[in-house]
Every structure is written in C-alpha cells, then in structure tokens.
Amino acid sequence: MARAHFRDTLRAEFTKALSLRSIQATIAAALVVPGLLALASGFAFDPDRRAQFPLESQGFETAGFGQPLVILLAALIVGTEYLDGQLRTTLIATPNRGRVLSAKVFIIAVLSAGIGLISISLSVLMKHAALGEYGMTFNEVSAGMIWNLVGVAVNYMLIALIAASITLLARTFIVTLAVLIPMVLGVTVSLVSLIPLLKFLPDLAGIQLLMEYPGLDVLDPLPGAAVMTIWTFALCGTAWFRFRSRDTLS
C-alpha cells in the first residue's frame, strides 16, 4: 500500500513540476543550449589547434554551460513551493513530508541525469558533425567517451541535488542561484590556484566528470565524484531533517 501512495505522490509532484512554464523552459534550454554551442564551436574550429584538445573531448566542453540550467531546474522544482503558500497546500494533500521530499528528490535526480545524457550526447554528435573531416563518426565512439557521458550525468544529478538542498534550507531559490551559479561559471576555478582548498568544494570536486582538465589543479574524476557525493549526502540529510521538523510558516 505504501508503494501505491508513493507512486501517487510521485505522479502528483511530476505533474505539478512539469505544469510550470518556467520549468518547461528551463528543461528545453538545458537540452538545447549545449548542442547549439557545440555546433557553433564546431563550425568555428581551427584545424591548427586540434592538438590542444583530444578528439574524444570534443563536444564535452559545453557540459559546463548546462550546469547553471540544471541548478535552476532543481531550485525551481523545490523553490516554487514556497511562493504564495503552495507548500502548505501540498502538505495538506500529502501530510507525509518524507514522501513528498522523496518524490521531489527522485524527480530532480532523474530529470537532471537524463538531461546530462541527452543534451551532451547531442552536443558530441553535433560537434563532430560540424567538424566534418576532422571529426569522428558514430562508429568511432570510444569507451572513454561513454564513461565521460556517464560522468556528466552523475555531475548534473549531484549538483542538482545540492541545489535542491540549499533551496530547502534557505526556503528560496534566490539564495541557491546566488551561491551556485557564480561557482559553476568560473569563480572558484579562477581562484583555485591561489586557494588550493577550493578544489574540495562540490563544483570543483566534480569538474573532471564533465571533461578532463589536465592543466588544472583539481581532483581526479573518481575522488572528485566521491567528494561531491559526500557534499550531496551531507546537504540532503540536513535539508531532509529541517524540512521534516520545521514549521512551513516559519
């Protein structure tokens, strides 16, 4: 019976999330923007510089531009509930807070990972198509590229769950966007050479899941994923506790 209840909550949360135009637009942008950037980059490709980036990395460089949109998506799914008393209505319909939060977490995880897989797959295909004779064919896709794609999906999922957790703790998506968007757009990257400890922040810890950055003093993909996962569990656990114990009006 509990399974049926969770399925009903999941369906309701999914329908509610996808009914918002802001979320629809964010999903569409997250799916399309990296591919368009990859296409433009492919057409502007300088053959004389092809040695600077391995052929297998072409197309993955746009993954970083999808991160802010995934963060926005997670923040909107959670944060819009705090507008105009919507959260109170949700909890009246489903008093079990744990079930409501589980449904939101599941939806955010699936959507963000799915966006990573779809958008960056399209980016890679479009980049190599635009590269023409300098690009790879579909038959030349390597195991390393597949693992890189999985890494992007994991990164997107973790950063989205971190964004959702911060939004729950702050009870507004404005704080989430103000904190995370500058981080993923390069603030921490520009400072890591001066402050090496910044590489343990979640955005830099998992940056090599997006693509390899050989000249950057950051963690390797697996240790970075582990650190990013620890951040995710810590923030999700804290947000879970606060959400289940806090008055929605306070």
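This is a predicted model: local features need pLDDT of at least 70, side-chain atom pairs count only at pLDDT 80 or more; totals for chains, interfaces and linings use all residues.

Let me begin with the helix pair. Two packed helices are described by the angle between their axes and the distance between the axes. Here the pair consists of α2, residues 21-43, and α5, residues 97-131. Their axes are 8 Å apart, and the packing angle is about 20°. Angles under 35 degrees count as roughly parallel, and α2 and α5 are therefore roughly parallel to each other. The crossing of α2 past α5 is right-handed.

Which residues make this contact? From α2 they include Ile-27, Leu-31, Pro-34, Leu-39 and Phe-43. On the α5 side, the contributors include Leu-111, Ile-115, Ile-118, Leu-122 and Met-126.

I now turn to the nonpolar cores. In soluble globular proteins, nonpolar side chains tend to be buried together. In this model, the largest nonpolar core has 54 residues. Within that core, the residues with the most contacts are Phe-60, Ile-77, Ile-108, Ile-120 and Tyr-156. At least two core residues come from each of α1 (2-18), α2, α3 (63-79), α4 (86-93), α5, α6 (143-170), α7 (173-191) and α9 (221-245). Which helix gives the most? It is α6, with 13 residues. A separate core of five residues also exists, and its members include Val-192, Leu-198, Leu-204 and Ile-207.

If neighbours within four places in sequence are set aside, Ile-77 is in contact with Ala-17, Ile-23, Lys-104, Ile-107, Ile-108 and Leu-111.

Finally, two individual residues. Arg-171 is located in the loop between α6 and α7. Although Arg-171 is not a glycine, its phi is positive, at about 60°. Is Arg-171 buried, exposed or partly exposed? Its relative accessible area is 27%. Buried requires under 20% and exposed over 50%, so Arg-171 is partly exposed.

The second residue, Val-33, belongs to helix α2. With a relative accessibility of 30%, Val-33 likewise counts as partly exposed. Along the chain, Val-33 and Thr-9 are 24 residues apart, and their C-alpha atoms are separated by 31 Å.

That concludes my presentation; thank you for your attention.

Definitions and conventions. Residues are numbered from 1 along each chain as its sequence is written. Side-chain values use heavy atoms; hydrogens and water are left out. Axes are lines fitted to C-alpha atoms, for helices over the stretch in contact, and angles run from 0 to 180 degrees between N-to-C directions. Helices (H or I, at least four residues) and strands (E, at least two) are DSSP runs, numbered from the N terminus. Angles under 35 degrees count as roughly parallel, over 145 as roughly antiparallel, 65 to 115 as roughly perpendicular and the rest as oblique. A crossing is left-handed if the near helix is turned anticlockwise from the far one by less than a right angle, and right-handed if clockwise. Contact means heavy atoms within 4.5 Å. A nonpolar core is a set of buried Ala, Val, Leu, Ile, Met, Phe, Trp, Tyr and Cys residues joined through side-chain atoms within 4.5 Å. Buried means under 20% relative accessible area, exposed over 50%, partly exposed in between (1.4 Å probe, protein chains only).
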